[in-house]
Amino acid sequence: MDRPADQPRVAEHAPPQGFLRTHVFSLDHKVIGKQYLDLALVAVCTGMLLSWLMRVHLAWPEAPIPGLGKLAPTGAAGGVITPEYYLSLMTMHGTIMVFFVLTTAPFAGFGNYFLPIQVGAEDMAFPRINMTSFWVTLVAFLVLISAFFVGDGPPLSGWTAYAPLSAVGKDAGPGQAVGQTLWAVSITLFCVAQLLGALNFITTTLDLRTKGMSLARMPYSTWAWFITSVIGLIAFAVLMPACILLILDRVAGTSFFIPAGLVISDRLQPHAGGSPLLWQHLFWFFGHPEVYIAILPGFGIISHILPVFARKPLLGPRVMIGCLVAIAFLSYTVWGHHMFLSGMNPFSATLFSVPTLIITIPATIVTLLWIGTIYGAKLRFTTPALFCLGFVSVFVSGGISGFFLAQPSIDVYLHGTYFVVAHFHFVMGVAAMFGIFAGTYFWAPKMFGRMMNETLGKWHFWLTFIGVYCVFMPMHYLGLAGNIRRYSAFTDDYLKPLIPLHRFITIAALFTGAAQLIFLYNLIRSRLVGPKAPDNPWQATTLEWSTTSPPPFDNFAGHPPVVSRGPDEYGGTGPAGDYVMQASAP
Amino acid sequence: MRAYHISVLAVAVVGMTALGVRGVPPAPPAGGTISGKVTYTGTPPKMKPIDMAKEPFCARLHAGAPVMTENAVTGPGNALRWVLVYVSAGDRGSAPATQPVRLDQKGCQYIPHVLVLQPDQPLEIYNDDSTSHNIHPLAKVNPEWNKSQPIGAPPIQTKWEKPELIPVKCNVHPWMHGWHAVIATSHYAVSGEDGAFSLQGLPPGKYTVTAWHEQFGTQSEDVTITGNETKAVNFVFKATPY
Amino acid sequence: MGKLFAVVVAIITVVSTAIFLTHTWWLPVDISAHGHAIDHQLSETMVSSGVLFVLSQLALALFVWRFGDRKDGRPIKTFPGGVTPMVVLAAVLVGAEILALTFVGAKVWAGVYQTPPDPNALQIDVQAEQFAFYFRYAGADGKFGATHPELINEASENYFGLDPAHDTTARDDIVVPSLVIPVNRPILLMLRAKDVNHAFYVPELRIQQDFVPGLVIPLHFTATQTGKHEIVCTQLCGLGHYNMRAYVEVMPEEQFEQWLKDKASQQ
């Protein structure tokens, strides 16, 4: 390999030999990125299947679900989901989606694949650590899934695992024995993997940029992954010890989160001195930044893709980066807004409310930058472009409800209701998923060397876009009417009139879920037999489009690019059309 | 052809076995009888009406006459109900019980309050209410379990392997309490409203008869049976109000 | 495709806003002294954020309609005035809205959660457990008996772990599974949890508060209308969470006193 002497060098490793080292235990960031994405795909299918079961149960609680009785003879004897199994499904759905989909796909998956290429590096800074983080993530996933197969079934204390319900063991209910321990072990492992990953991302961004790739020239997606890894480094470093303390409470008889005098299942618990609120503080100190870990890569991906199809530079690039940094910083000052009614000192509510509301300023500006970018553009309606536009719409819808929940005076009424479910599904579930879809349609040609089918992609977009609004918009109405969340059935008198709306949501969810089969089919089919992709099918400018589809082992075949331009020079005149590649000669 | 014969034979055998079990009524017990009455002295706790407001379905069922607490059920003449009386020593091998016993959850109560069964005897648990129930036997010797039984779910089929007095609670309805008394003998009875009990069909021998009440504890008497006689044994428990 | 997107976004915006505006599904009647302030804050937020929602969605729809698949051959245009005025305007507008909401909202919150209870408030002890609420009135002596977790026994209905054998103040304590309160009299609830986290939520009272094991949390309010409403648990507490409820019955003062007497005679 010949290259200029001043090029940054990664810890060198030769192209791998043999199937195992090429495709399984690979040190190549591209293979690892795809492994993360494949894991997220398996996880999202699992998570969505669980949500289907929950939705069907909520709409028709007494109806046996065919075949489920055999799969879960304890949790759903005769196919009728028990209340505890519903909560288990909910816990597993939340945990799988938040950790193994929304963190794994947009951050670890796409980030791993494209961050090194976008900065012109050959690989991540620490390829072995990179491989380790994927395999630890996989083990974490398997440990979590194994909770389905232990005696009492999966844990039921929600993805937030509030102590002491999560800390006292089997007396607290089915699944709170081995299942809950597996949960805590899984999340601990996941934190280890994410910490390793974040270190790798930060080092790669800071040290391995190619010649001319100044921070100001970095693509927005790279910026977003970089900022996300900084958030992750702090957030997961808090969750990991919290989970270890939880494990100690459960298996070693400590009392970090368990106070004295608790009587659970007629037994006086042998603990004293702990604080349930301590868990909530530690969890949400991670949990709120986690929301941004899920959504900031989406911001980056949209800011990266939208200019490509608007054929126009992003409006206010420096403002965008500034907003991302501001959001990341503020994300550490707001965790208490999850705890307005938790028994925390009510005086601190205002303290947490103000920064929460302040976050809406950068969030609004970011949205306006996207909308302003569309103004005067020459929009091309490819599938990734549609998902970008859809992202803006669902992000607005999800962000708006934050105005309500950020205020303790309104949270008093809405906190325990479906309004919150609507809020976080729109803003971190659906919006982040739209970012993932946009990224998948956009980068699939680069990753697999084959184009995805546009017709199927557009069907997928329209059904999903309308579907998610049918599923999640009505949840706001449920919340206003006082419909409690985390209920496995609505037996309260005042909730009964809301059941028809729940049935509507369930039907919409089944259709929207089924529409994802189009995506799955399109993805698998394109990956195997799709038409060969050119190197730069979208006429985009960033470095990943300067190399072949898919890129060679070291990304640039021994000729690292030299960068002399910004990431989104569209709309002018260049040698190949209305754009100039980052790697073009100055 | 041969397979056909075998299967016909099998059907016939199974059919006859079934008839043998179900068709013939159990023979009247031969042997001695121990009978008597369980009473208390002192002041037992008041039986309190259970307010089931939390579960509107059950509250409606008992709108006229509220269900009373069952931890100390008393009757006229200081009779004490729900006392388990059984042969705790001297039983020379009761046959293993194969008939399933049935526990009902009806009107947010366990029926019966004290359910007696033998190790490995099939236990069937039914939810007769239009609401979900939860069954949580707080077993220590046997494996503890905790399961819900929603409306529309099939009966729970289970059994207990080892002798134990197991308190059972419904996690959803805190007032629902009962007992599964797993004892290794077929000679047992539970005192009725009048406190009376009767153990029948005892072959000649020396026995220890034990009476157990969930709040007032255990008492035992030694009894010798020599033939087809009836021996009277009475138990008196000392009750406290709190 | 751009026009289709614009139309779909516009329809979604109009339909969902209309359902909010017509109150097709809305808050139940408010029966608390402080509730109107919360409802007012909610309506204010609904209006200001609703305007933001509609404007953003319609701007998105409009621009996508106008600048999609452009074949007019004209070059791209930047946003009028560039990014600075837009950012400043957004920061000022949203900032002003935040300030307004915070100043009013903080007062509303403080009025409910940061003020001491009325000294003459009727104090009621509440114990939340898997999966029911129990309420304790002090009885004739006006004193609550001490609680001893090790004495809790549900089979004998000793839900609070009282020790009537030794503690005379506990003997007349009235324990019931429904919250019965007089109308227009300040109520002070002392929230205790027996086992795990729970929450006290009555939509009609516009009040919600978690129970935390190990803490006794005061919560006060005044009901202004008689009637019977549900108290529900909103904090995930285990398998019976969905069925954890009780009723609050608001009565005229005389009727309440009579009820209290009847209950006292049953102890």
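Predicted model: local features only at pLDDT ≥ 70, side-chain atom pairs only at ≥ 80, totals over all residues.
The interface between chain A and chain C was examined first. Chain A contributes 86 residues to this contact, and chain C contributes 85 residues. On the side of chain A that touches chain C, seven elements are listed by name below. Each of them gives two or more residues. They are α4 (83–118), β1 (263–264), α8 (276–310), α10 (347–374), α11 (383–405), α12 (408–414) and α14 (454–480) of chain A. The most comes from α10(A), with 16 residues. By class, the side of chain A that touches chain C holds 54 nonpolar, 24 polar and eight charged residues.

Chain A also meets chain B. Here 14 residues of chain A are in contact with 12 residues of chain B. The side of chain A that touches chain B comprises six nonpolar, five polar and three charged residues.

Ile365(A) sits in helix α10 of chain A. Ile365(A) counts as buried because 24 C-beta neighbours lie inside 10 Å, and the cut-off for a buried residue is 20 or more. Neighbours within four places in sequence were left aside for the contacts of Ile365(A). The contacts are then Val319(A) and Cys323(A) in chain A, and Val87(C), Ala90(C) and Ala91(C) in chain C. Ile365(A) and Val319(A) are 46 residues apart in sequence. Their C-alpha atoms are 8.3 Å apart in space.

Two helices of chain A were checked for length. Helix α11(A) has 23 residues, so at 1.5 Å a residue it should span 33 Å. The end C-alpha atoms of α11(A) are 33 Å apart, which agrees. Helix α11(A) is also mostly covered, with 23 of its 23 residues buried. The buried residues of α5(A) are Pro127(A), Asn130(A), Met131(A), Ser133(A), Phe134(A), Thr137(A), Ala140(A), Phe141(A) and Leu144(A). These buried residues pack against α2 (29–59), α4 and α6 (178–207) of chain A.

Helix α4(A) has a further partner. Two packed helices are described by the angle between their axes and the distance between the axes. For α4(A) and helix α7 (residues 220–251) of chain A, the angle is about 125° and the axes are 10 Å apart. The helix α4(A) is therefore oblique to α7(A). The crossing of α4(A) past α7(A) is left-handed. From α4(A), the contact uses Phe107(A), Gly111(A), Phe114(A), Leu115(A) and Gln118(A). From α7(A), it uses Ser221(A), Thr222(A), Trp225(A) and Thr228(A). Sorted by class, the residues of this contact are four nonpolar, five polar and no charged.

Several loops were then inspected for backbone features. A cis peptide bond connects Ser549(A) to Pro550(A), with omega about -15°. Pro550(A) belongs to the loop between α15 (499–529) and β3 (570–574) of chain A. In chain C, the peptide bond from Gln130(C) to Phe131(C) is cis, and omega is near 5°. Phe131(C) lies in the loop between β1 (122–129) and β2 (132–137) of chain C.

Positive phi values were found at residues other than glycine. Arg311(A) is not a glycine, yet its phi is positive, at about 50°. Arg311(A) is placed in the loop between α8 and α9 (317–330) of chain A. Arg311(A) counts as buried because it has 22 C-beta neighbours inside 10 Å. Asn184(C) has a positive phi near 60° and is likewise a residue other than glycine. The loop that holds Asn184(C) runs between β4 (179–182) and β5 (186–193) of chain C. With 14 other C-beta atoms within 10 Å, Asn184(C) is partly exposed.

A last loop residue involves a separation in sequence. Ala216(A) is found between α6 and α7 of chain A, in the loop. Ala216(A) is exposed, since 11 other C-beta atoms lie within 10 Å, and the cut-off for an exposed residue is 12 or fewer. Ala216(A) and Pro567(A) are 351 residues apart along the chain. Their C-alpha atoms are separated by 8.9 Å.

Definitions and conventions: Residues numbered from 1 in each chain as written. Chains lettered and ligands numbered in written order. Contact = placed C-beta atoms within 7 Å. Helix = DSSP H or I, 4+ residues; strand = E, 2+ residues; numbered from the N terminus. Nonpolar A, V, L, I, M, F, W, Y, C, P; charged D, E, K, R; others polar. Expected span 1.5 Å × (residues − 1). Axes fitted to C-alpha atoms, helices over the stretch in contact; angles between N-to-C directions. Parallel < 35°, antiparallel > 145°, perpendicular 65-115°, else oblique. Left-handed = near helix turned anticlockwise from the far one by under 90°.
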